[in-house]
Amino acid sequence: MDRHREGYLLTTEPGRVDIARVHTWLSQESYWAKGRERALVERSVAGSRPYSVYAQDEQAAFARVVTDGATFAWSCDVFVDEQDRWGGLGTWL
């Protein structure tokens, strides 16, 4: 799924996730995943449904959904890059 809004692209394509950037956000800039190892980030993305927002070719936001695919879904690891905050990207995710 791809959607466009005000110069941003929202995609659910797992191959588009910038793992290095998401790892930096989570392990260094978030309070809930401080110190999380890259291998764990990679496994968590692989085992979830990732949502990525891009500004041109640079990832601006990320979230992943843990679900059974039928009755339950939980959004987690929602992160919006500092320069893209306050524009509603987190809600859009």
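## Helix α2

E42 is partly exposed, its relative accessible area being 35% (buried means under 20%, exposed over 50%, and partly exposed in between, with a 1.4 Å probe and protein chains only). R38 likewise counts as partly exposed, at 38% relative accessibility. The side chains of these two residues, E42 and R38, form a salt bridge with an N to O distance of 2.8 Å (a side-chain nitrogen of Lys or Arg within 4 Å of a carboxyl oxygen of Asp or Glu). Both E42 and R38 belong to helix α2, residues 38–46, where four residues, about one turn of the helix, separate them. Helices (H or I, at least four residues) and strands (E, at least two) are DSSP runs, numbered from the N terminus.

## Basis of the model

The model is predicted: local features need pLDDT of at least 70, side-chain atom pairs need pLDDT 80 or more, and totals for chains, interfaces and linings use all residues. Numbering starts from 1 along each chain as its sequence is written, and side-chain values use heavy atoms, without hydrogens or water.

## The sheet

An open sheet is built from five strands in the order β1-β2-β3-β4-β5, with antiparallel pairing (two strands pair if DSSP finds at least two bridges between them). Its edges are β1 (2–5) and β5 (73–80), each of which pairs on one side only. Strand β2, residues 8–11, runs antiparallel to β1 and is joined to β1 by four bridges. Within β2, L10 is the bridge partner of R3.

## Salt bridges across the chain

Five salt bridges are present in the structure. One of them connects the side chains of R21 and D81 at 3.2 Å, N to O. This pair links distant parts of the chain, as R21 lies in helix α1 and D81 in the loop between β5 and α3, 60 residues apart. D81 counts as buried, at 11% relative accessibility.

R64 and D77 form a salt bridge whose closest N and O atoms are 2.7 Å apart. R64 in strand β4 and D77 in strand β5 are 13 residues apart and likewise link distant parts of the chain. Both R64 and D77 are buried. Through shared partners, salt bridges join R21, E58 and D81 into one network.

## Loop residues

Q56 sits in the loop between β3 (49–55) and β4 and is exposed, with a relative accessible area of 72%. W86 lies in the loop between β5 and α3 (89–92) and is exposed at 87% relative accessibility.

G15, in the loop between β2 and α1, is exposed, with a relative accessible area of 68%. From C-alpha to C-alpha, G15 and Q83 are 24 Å apart in space, and 68 residues apart in sequence.
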